[in-house]
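Please read these notes with the model open beside you.

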Amino acid sequence: MRTIGVLLLPGTRMFDLAVIGEVWGQDRTDSGIGPFTVRRCSPGRVRTPASPFGDVAATHGLAGLDGCDLVLAPGRDDPLALVPPSAVAALRRAHRAGATVAGLCSGAFTLAAAGLLDGRPATTHWRDLDALAGVAPRADLQRDVLYTDDSGVLTSAGVVGGLDLCLYLVRRDHGADVAATLARRLVMPPAREGGQRQYVDNPLPPSAAQPGMASTMDWALARLGSGIGVEDLVGHARMSERTFHREFAAATGVTPGRWLRVQRVRYAQRLLETTSLPVERVAERSGLGTAANLRRRMRAEVGVGPDSYRRTFRSGGTTFGECTSTFC
């Protein structure tokens, strides 16, 4: 890929443009790639707003996308905003001509407007996944990946997922060594572990609307490490087992057992983020018992194990006496 086309639309996100500029707009010949020609293409206007720092000048009209090897659709502040018909036509034309077409973060909505996600795997920022499902019902939505690639149409999770996608394209077309060199220049791993589930904030509610059920859930949250089970929740709520299961599912959308497992994993995540406890102790304190069970549960719920999660999210760095071995 030598010629890169960037589709500028109203509300284009500055971060995505910065990612594209870092990977494709810099002189990277010393890293083994480039030089590249980058065309900033906009429909019918010279300048396109890119908040919050003003305008970004277009270098071409939409015809500039013709002949590009790679066409990138950055995310937009409002992913549901109208994509001009002329931009839709230009994207379709570029894809038919054989260009690789990629949507960064909410740029997946731009590809959806062009019908390029139909029958293909796709992803976007986890907050926008349901909205993407609504505008691209024929897409195969992937909720726990950092990017997708199918027949020259790619999408990425947000927001840094766009950088993961760009590095993937470099690795695909220029080799792993070149991608690793570029990743070092950008001070990031060549490929991040896990998917975007590890970044989702509280996908299951920790409390319920009904005061009685909320009291039982709060009671359980204070005792996650004590080995309590569903029968203990039933006893605290003073309901029959059948009634409790029905009321709990109505309040949370999940079974009591599922809720307990998720809350234990969430508590383990907080311990991994904020303490230097060995993984075995984190497993005990969160009620998951053993390090093996903690690893199994975290991979099921979060997509990565506790060691990888701690390396990513631990605040404050390493402290004296902290075990840094992957076996801790």
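1. E284 counts as partly exposed, at 41% relative accessibility; buried means under 20% relative accessible area, exposed over 50%, and partly exposed in between, with a 1.4 Å probe and protein chains only. E284 belongs to helix α11 (residues 279-285). Helices are DSSP runs of H or I with at least four residues, strands are runs of E with at least two, and both are numbered from the N terminus. Leaving out residues up to four places away in sequence, E284 touches G225 and G289, where contact means heavy atoms within 4.5 Å.

2. A word on the source. This is a predicted model, in which local features need pLDDT of at least 70 and side-chain atom pairs count only at pLDDT 80 or more, while totals for chains, interfaces and linings use all residues. Residues are numbered from 1 along each chain as its sequence is written, and side-chain values use heavy atoms, with hydrogens and water left out.

3. Now the whole protein. It has 13 helices and 10 strands. Of its 328 residues, 47% count as buried. Among contacts between residues at least 6 apart in sequence, 64% join residues at least 24 apart.

4. In what order do the strands of the open sheet stand? The order of the 6 strands is β2-β1-β5-β6-β10-β9, and the pairing is mixed; two strands pair if DSSP finds at least two bridges between them. β2 (37-41) and β9 (147-150) stand at the edges with a single partner strand each, so one side of each has no neighbour in the sheet. On average, neighbouring strands of this sheet are turned by 15° against each other, direction ignored. Axes here are lines fitted to C-alpha atoms, for helices over the stretch in contact, and angles run from 0 to 180 degrees between N-to-C directions.

5. Follow the pairing through part of the sheet. β1 and β2 pair in the parallel sense over 5 bridges, and V6 stands opposite R40 in β2. Strand β1 (residues 3-7) is also joined to β5 by 3 bridges, and these two run parallel. The bridge partner of V6 in β5 is L72. β5 pairs in turn with strand β6 (residues 100-103), in the parallel sense over 4 bridges, and there the bridge partner of L72 is A102. Between β5 and β6 the chain passes through helix α2 (residues 85-96), and this β-α-β crossover is right-handed: with the strands pointing away from the viewer, the path from the first strand over the helix to the second runs clockwise.

6. Look at the side chains of strand β5 (residues 70-73). L70 and L72 point one way, V71 and A73 point the other way, and all are buried. Helix α5 (residues 161-174) lies across β5, β6, β9 and β10 (153-156), and runs at about 145° to β10.

7. Which residues of helix α8 and helix α9 meet? V230, L233, V234 and A237 in α8 meet E241, F244, H245 and F248 in α9. The axes of α8 (residues 230-237) and α9 (residues 241-252) are 10 Å apart, at an angle of about 95°. That makes α8 roughly perpendicular to α9; angles under 35 degrees count as roughly parallel, over 145 as roughly antiparallel, 65 to 115 as roughly perpendicular and the rest as oblique.

8. Helix α10 (residues 256-274) and helix α12 (residues 291-301) have axes that come within 10 Å and cross at roughly 100°. They are therefore roughly perpendicular to each other. Residues in this contact include V262, V265 and L272 in α10, and L294 and M298 in α12. The buried residues of helix α13 (residues 306-313) are P306, D307, S308, Y309 and R310, and they pack against α10, α11 and α12.

9. Two loop residues deserve a check. C105 has a positive phi of about 55° although it is not a glycine, and R238 likewise has a positive phi of about 55° without being a glycine. C105 lies in the loop between β6 and α3 (107-113), whereas R238 lies in the loop between α8 and α9. Buried or exposed? C105 is buried, with a relative accessible area of 5%, and R238 is exposed, with a relative accessible area of 78%.
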